[in-house]
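Thanks for asking me to look this one over.

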Amino acid sequence: VVLGLAGREMLANYIGGVTIYLSQPFAVGDWIHDTERSLDGWVEHIGWYYTKVNTWDKRPMYIPNAKFYTMTVTNASRMTNRRILQTLRLRLRDISKLPEIVAEVRSAILSRDDLDPRQHRLVFFREVGEYSVDIWLSCFTRSVFLTDYLSTQQEILFDVDEIVRRHGARFATSLQREQIMVGADAPVASAPPTMLPSRVSPADEPAWSAAGGVGPGSSPGAD
């Protein structure tokens, strides 16, 4: 029984290796990952029994070929573009400034040569959230190299920040919303109670009282 189970597993891995060789979903040197990201790295070797993948932290993984029957694999090395996708959240009070901001951001990305003109380049006011108004930005870089992608995305975000600030707007944060809510719910401070003067001691009585003179509220000749 043990030999039968071991033989069945070896046969499944062998068939898996043949399937990879014939269908070629990936090749040596490709960057692949599965949907759960438990597998993420570069293919270094495809054998008849297992496939060796070198992960980002340089730890080799040895995957039995039969695992690829039930694994959804993405071959990132075969992508044609990298996508820049951002949601820009501005304060609710800046909603009147959105038409100009959206128009300028759209003009900025349409003028860039490092973005692929064959793919869409979209900038739209998309949603009003609980504490922000959201601008949706989507475009694709020409280059698929990570450094080029990050550099282009960084420059676009710097441009967006400059446009937003030039119009007197600011990016929203959930912390600002919490502060506003806390301020609105805070009890109104009541005025401090009026301090009544203490009873005047004999030593502090006015001079006219000690001299038997007429004081306020008294009538002449009263006993």
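1. By class, the lining of the largest cavity has six nonpolar residues, no polar ones and one charged residue. The residues concerned are V105, A108, I109, I156, D159, V160 and I163. D159 is the charged member, since Asp is counted as charged. Please bear in mind throughout that this is a predicted model.

2. How much space lies in the largest cavity? The volume is about 30 Å³. A search of the whole structure turns up one cavity of 30 Å³ or more.

3. Which helices supply the lining of this cavity with at least two residues each? They are α2 (98–110) and α3 (146–166). Of the contributors, α3 gives the most, with four residues.

4. D159, at 29%, is partly exposed. Salt bridges that share partners join R112, D114, E155 and D159 into one network.

5. How many salt bridges does the structure hold? The count is 14. One of them pairs D40 with R37, at 3.0 Å from N to O. Here D40 is buried, with 15% relative accessibility, whereas R37 is partly exposed at 46%.

6. Another salt bridge brings together the side chains of D94 and K97, with an N to O distance of 3.6 Å. D94 has a relative accessibility of 1%, so it counts as buried. K97, by contrast, reaches 25% and is therefore partly exposed.

7. Now to a residue in a strand. N75 is found in β5, which covers residues 73–75. With a relative accessible area of 14%, N75 is buried. Which residue, 43 positions away in sequence, lies 4.6 Å from N75 in space? That residue is I32, the distance being taken from C-alpha to C-alpha.

8. On the surface, do have a look at L11, Y14, I15, W48 and Y69, which form a nonpolar patch. Together they have about 560 Å² of accessible area. L11 has its place in helix α1, which runs over residues 2–23.

9. The secondary structure of the protein chain comes to five helices and eight strands. Read along the sequence, the order is α-β-β-β-β-β-β-α-β-β-α-α-α.

Technical notes: Residues are numbered from 1 along each chain as its sequence is written. This is a predicted model: local features need pLDDT of at least 70, side-chain atom pairs count only at pLDDT 80 or more; totals for chains, interfaces and linings use all residues. Side-chain values use heavy atoms; hydrogens and water are left out. Patches are made of residues with over 30% relative accessible area and no salt bridge: like charges are joined within 9 Å, nonpolar side chains (Val, Leu, Ile, Met, Phe, Trp, Tyr) within 5 Å. Accessible areas come from the Shrake-Rupley method with a 1.4 Å probe; for residues, only the protein chains shown count as cover. A salt bridge is a side-chain nitrogen of Lys or Arg within 4 Å of a carboxyl oxygen of Asp or Glu. On a 1 Å grid over the protein atoms alone, a cavity is a set of points where a 1.4 Å probe fits but cannot get out, and a pocket is an open set with protein on both sides within 12 Å along at least five of seven lines; lining residues have an atom within 4 Å of a point. Grid points are joined across faces, edges and corners, and a volume is the space filled by probe spheres set on the points. Buried means under 20% relative accessible area, exposed over 50%, partly exposed in between (1.4 Å probe, protein chains only).
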